[in-house]
Amino acid sequence: MAIIRMCCCCGIRSGSIACAVYSIVIALLGIALFSFSWAGIHNTENTLYEIQAELPGLFGNLDIDSYIVALTVDYVLADITLSFVFITSIFVIVGINQDNKQLLIPFIVAKSVGFVWYLYAIAVSLYSVISIGYEYGGVAIVAELIALFPFFITDIVCVLCVLSQYQEYRDGRGRISDACRVNERQTTVVIEQQQLPSGTGAFAYQHMQGDLPPAYSNPTVQVKTVPGAI
């Protein structure tokens with residue numbers, strides 16, 4: 001049974017495609033951002049050394065070399081993870097259109113690796129707080145958490161949506177043929193009959209003249225329900 005039934009205000013099939021498109025956009029933006037940061041890591045290192053020389057003790061016990069290494073690993077891990085997410089998001093779109101559940105698995109794995117990166121990025125921020133002190137580093141960790149939280153929650157939703165679609169495939173549901181299947185409905189047929197006494201010539205004459213008593217003027221309505229299709 002699927003974990004969730006609705007995603008992005010629609011079914012999990014359409015929701016999975018929406019999650020894949022979202023992931024592609026975010027992955028491309030993230031790769032560009034972290035690649036730019038990685039390319040300027042040496043400038044960041046030089047800037048930190050210059051500030052430390054002008055304001056001794058500002059960074060507390062921060063080991064700049066170790067911090068730069070941690071940032072470098074952060075940027076590299078982010079680029080690798082986002083590249084993996086970008087590729088597997090395309091797999092999801094293809095897998096949904098071809099009803100191939102196996103193509104959904106790499107996306108779930110990629111997003112799970114992304115959660116590991118989230119934890120590492122927070123750990124780097126915590127390291128800066130411990131080394132520099134809360135007065136200066138506290139702002140960094142709060143900004144980091146605020147920036148990552150919406151993406152973290154959205155990634156959880158994406159994983160649950162695609163995982164639910166995978167479970168639908170596994171259980172023999174959620175395919176294009178299932179979505180387009182015509183549902184049966186019941187068609188109501190109304191049959192009207194007039195109840196007339198038999199064997200009475202005068203009654204037949206009155207029927208022709210329209211002088212039937214009220215008891216015989218109303219038709220009998222029979223309602224019969226038969227199966228039909230839309």
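**Helix packing and a nonpolar surface patch**

From the N terminus on, the elements of the protein chain follow the order β-β-α-α-α-α-α-α-β-α-α-β, which amounts to eight helices and four strands. The model described here is a predicted one, and of the 230 residues of the protein chain, 30% count as buried.

Two packed helices are described by the angle between their axes and by the distance between the axes. For helix H1, which spans residues 12–39, and helix H3, which spans residues 64–98, the packing angle is about 155 degrees, and the axes lie 8 Å apart. Because angles over 145 degrees count as roughly antiparallel, H1 and H3 are therefore roughly antiparallel to each other. The crossing that H1 and H3 make is left-handed.

On the surface, a nonpolar patch is formed by Phe84, Ile105, Val109 and Val113, which together present about 270 Å² of accessible area. The greatest contribution to this nonpolar patch comes from helix H4, covering residues 105–132, which supplies three residues. One of the patch residues, Val109, has its place in helix H4. With a relative accessible area of 40%, Val109 is classed as partly exposed, since this class lies between the buried residues, under 20%, and the exposed residues, over 50%. Val109 is thus a partly exposed residue within a patch that is nonpolar and lies on the surface.

Definitions and conventions. Residues numbered from 1 in each chain as written. Predicted model: local features only at pLDDT ≥ 70, side-chain atom pairs only at ≥ 80, totals over all residues. Heavy atoms only, no water. Patch = residues over 30% accessible without salt bridge, like charges linked within 9 Å, V, L, I, M, F, W, Y side chains within 5 Å. Areas by Shrake-Rupley, 256 points an atom, 1.4 Å probe, with all protein chains shown as cover. Salt bridge = Lys/Arg side-chain N within 4 Å of Asp/Glu carboxyl O. Helix = DSSP H or I, 4+ residues; strand = E, 2+ residues; numbered from the N terminus. Buried < 20%, exposed > 50% of the residue type's maximum accessible area, 1.4 Å probe, protein only. Axes fitted to C-alpha atoms, helices over the stretch in contact; angles between N-to-C directions. Parallel < 35°, antiparallel > 145°, perpendicular 65-115°, else oblique. Left-handed = near helix turned anticlockwise from the far one by under 90°.
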